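Subject: Structure handover

Hello,

Here is the structure I promised you. Please open it and keep it beside this email as you read.

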Amino acid sequence: MGFNPLEHGGIPLERQIRSWRELNVAPIDADHCDPYTRCRIITMNGIEVEAILFNHHLARHCSDLDLKRQLAQVRYTEAQQQKAVNWLLPGVSSVLETTIAYEQVAVDLTAWVARMEPDPYLAQAYRFGVLEDFDHLYRYANLFEMIEHRKAESIVDGLTEVMPGRPTTRHHRHPVDNVRESYDRRAANPLSKLHALTIMAAEQQTMNFYMNTGPTYVEPIARQLYQEIGLIEEEHVTHYESLVDPGESWWEMLVNHEYNECYLYHSFMEQESDPKVKAIWELHLNMELEHLRLACDLLRAKDGREPQEILAPELPNVLTFEPNKTYLRDLIADELDLTTLGTGYVREAHERFQQMQEAFLGGESAPSDQVIDMHRDMLGREYRMETEGPHPVAAMRER
Amino acid sequence: MTGTATPDVDAGTGMPSPDQDVVALLMAQHGEIRNLFDEVEQSEGDQRRDAFRGLVRMLAVHETAEEEVVHPYARRSVEGGAQIVDERLEEERKAKELLARLDGMDPADERFMPLLQELRTAVTEHARAEERYEFAQLRRIHDQGALATMAQAVKAAEATAPTHPHPGVESGAENVALGPIAAIADRARDAIRKATGKGR
């Protein structure tokens with residue numbers, strides 16, 4: 001029998017506040033940590049940022065003062081959780097180093113979700129997106145070696161390959177074509193709802209990170225690359241958020257958020273290799289169980305519904321960070337040339353796509369291509385890490 | 001890394017060139033130092049001994065070049081430069097103490113790797129502090145000529161102690177003859193003074 005968060009009590013809300021001293025966590029070691037520990041930290045930071053922002057939006061729609069106070073209380077502890085989690089990242093890491101870790105998250109998290117997603121339309125959305133994150137990793141890895149003279153394998157550690165995916169220039173689609181159809185909240189598998197929330201939150205955090213840290217760079221190519229990829233993160237947030245059924249009530253959305261946090265902390269607690277980090281996942285799971293209980297009470301009081309009507313009877317199989325190399329190579333071979341048209345996918349470049357390409361690229365070489373050319377000029381080769389053989393698409397092998 | 005100014009860039013790559021920009025050069029050396037730590041950690045026996053000699057050479061030359069070239073310029077030219085540089089020198093002093101202790105130790109000694117980790121932490125934190133608090137200020141001054149002149153001096157120092165001597169170009173005996181940290185630093189200092197036209 002799996003873990004059912006509805007059957008476990010958590011830490012009472014009034015006992016959840018930590019002092020600054022307790023929040024002063026020891027960061028992980030940038031050079032020796034398990035890369036997937038860093039991926040779990042980055043993921044949970046994105047999840048907590050979404051929890052905070054969602055709760056703020058909900059509170060702005062509440063006129064009941066007592067309810068606003070309860071939301072403020074929960075939200076404050078979510079903010080403390082975000083601090084404890086994100087401050088596990090070490091101060092010695094550069095923005096670019098952290099960026100490469102963000103892209104490793106995007107690749108291996110999205111690939112795992114695509115593999116496990118039961119709904120074919122949703123699975124297609126993840127397969128489509130992951131090939132773009134995969135290419136971003138390759139572009140940033142080339143920038144990293146040019147600026148910091150380090151190879152991205154010192155960060156991703158051979159767990160994730162670094163080579164071209166769908167070329168970044170082809171991610172610039174007309175905004176209209178980034179809107180997908182949503183799942184149906186009444187018919188969707190509960191796991192599908194968790195997947196959509198998780199990937200949406202992760203991409204939203206990536207968007208926020210690039211939009212704020214990009215201009216801290218001096219090198220013109222770095223500034224330009226963060227701008228270009230930052231705009232694609234906007235597309236990705238649009239793509240993934242439109243998968244969530246907008247017909248869910250605020251209270252249903254709140255329950256789904258809290259349940260997803262329980263799911264992810266539980267998953268990461270099960271697989272964490274760093275004992276200090278594992279202790280944080282466990283503590284936060286026990287906090288989230290209480291947040292979930294409170295959200296379920298609100299669902300009953302406001303919507304007159306039982307949480308069992310919208311949630312699974314137990315947590316799904318743990319969400320796992322693991323290499324997805326073969327899966328990604330097969331996807332690259334099969335689905336690299338897709339783009340979107342309306343809410344679907346096509347293989348040929350259509351008129352609206354071409355117009356957007358012309359408007360954004362203007363027939364010039366974009367920063368994402370320039371970075372590879374510059375790397376080649378500077379070091380006589382590209383940066384790639386192809387551990388499983390040559391690139392699956394012959395035309396994309398290094399010249 | 002932070003900063004608001006756009007530096008002059010190499011026409012070919014659009015990047016600040018390590019030949020023309022001392023900040024780009026020192027950042028490249030910071031990356032190289034991190035790579036050398038990886039090499040020491042990932043090797044065994046004689047290979048670890050060689051990798052460690054490479055690291056010692058790089059650190060000695062790099063720190064000497066910063067002390068002789070970059071810190072004095074920052075002290076003179078940056079607002080609050082004296083304090084910024086004093087803090088960096090204090091970090092360097094701590095790292096040097098650790099390096100000196102390691103230098104007298106056999107890499108096979110069981111105390112070697114824990115001490116190497118201490119050194120790595122000290123060096124990495126010092127490097128990031130330089131990038132964020134000192135180098136960012138240097139670029140804000142917008143004196144491309146000074147950045148280029150300093151780059152030449154640092155390169156002259158770098159040439160006195162290659163981290164990976166090519167077999168045949170430099171014999172094993174000459175490699176050993178590079179000697180202790182102080183001698184490496186002396187040679188680097190001489191090369192810098194020659195390059196900048198200052199006598200001893």
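Below is what turned up in it. Keep in mind that this is a predicted model.

Helix packing comes first. Two packed helices are described by the angle between their axes and the distance between the axes. Take helix 2 (residues 35-60) of chain A and helix 4 (residues 95-116) of chain A. They pack at an angle of about 90°, and their axes are 9 Å apart. That makes helix 2 of chain A roughly perpendicular to helix 4 of chain A, because angles of 65 to 115 degrees count as such. Where do they meet? Helix 2 of chain A brings residues including Pro35(A), Cys39(A) and Ile42(A); helix 4 of chain A brings, among them, Ala101(A), Val105(A) and Leu109(A). By class, this contact has 7 nonpolar, 2 polar and 2 charged residues.

Next, the core. The largest nonpolar core has 144 residues. Ile100(A), Leu143(A), Val154(B) and Ala188(B) touch the most other members. Helix 5 (residues 120-148) of chain A gives the largest share, 15 residues. Beyond its neighbours within four places in sequence, Leu143(A) contacts Leu96(A), Ile221(A), Ala222(A), Leu225(A) and Val371(A).

Now the backbone. Most residues other than glycine have a negative phi, and most peptide bonds are trans. His149(A) is not a glycine, yet its phi is positive, about 60°. His149(A) sits in the loop between helix 5 and helix 6 (153-156) of chain A. His149(A) is partly exposed, with 19 other C-beta atoms within 10 Å. Asp157(A) also has a positive phi, near 55°. Asp157(A) is partly exposed too, with 15 other C-beta atoms within 10 Å.

Best wishes

Technical notes: Residues are numbered from 1 along each chain as its sequence is written. Chains are lettered from A and ligands numbered from 1 in the order in which they are written. This is a predicted model: local features need pLDDT of at least 70, side-chain atom pairs count only at pLDDT 80 or more; totals for chains, interfaces and linings use all residues. Axes are lines fitted to C-alpha atoms, for helices over the stretch in contact, and angles run from 0 to 180 degrees between N-to-C directions. Helices (H or I, at least four residues) and strands (E, at least two) are DSSP runs, numbered from the N terminus. Angles under 35 degrees count as roughly parallel, over 145 as roughly antiparallel, 65 to 115 as roughly perpendicular and the rest as oblique. Two residues are in contact if their C-beta atoms, placed from the backbone, lie within 7 Å. Ala, Val, Leu, Ile, Met, Phe, Trp, Tyr, Cys and Pro count as nonpolar, Asp, Glu, Lys and Arg as charged, and the others, Gly among them, as polar. A nonpolar core is a set of buried Ala, Val, Leu, Ile, Met, Phe, Trp, Tyr and Cys residues joined through C-beta atoms within 7 Å. A residue is buried if 20 or more other C-beta atoms lie within 10 Å of its own, exposed if 12 or fewer, and partly exposed in between; C-beta atoms are placed from the backbone.
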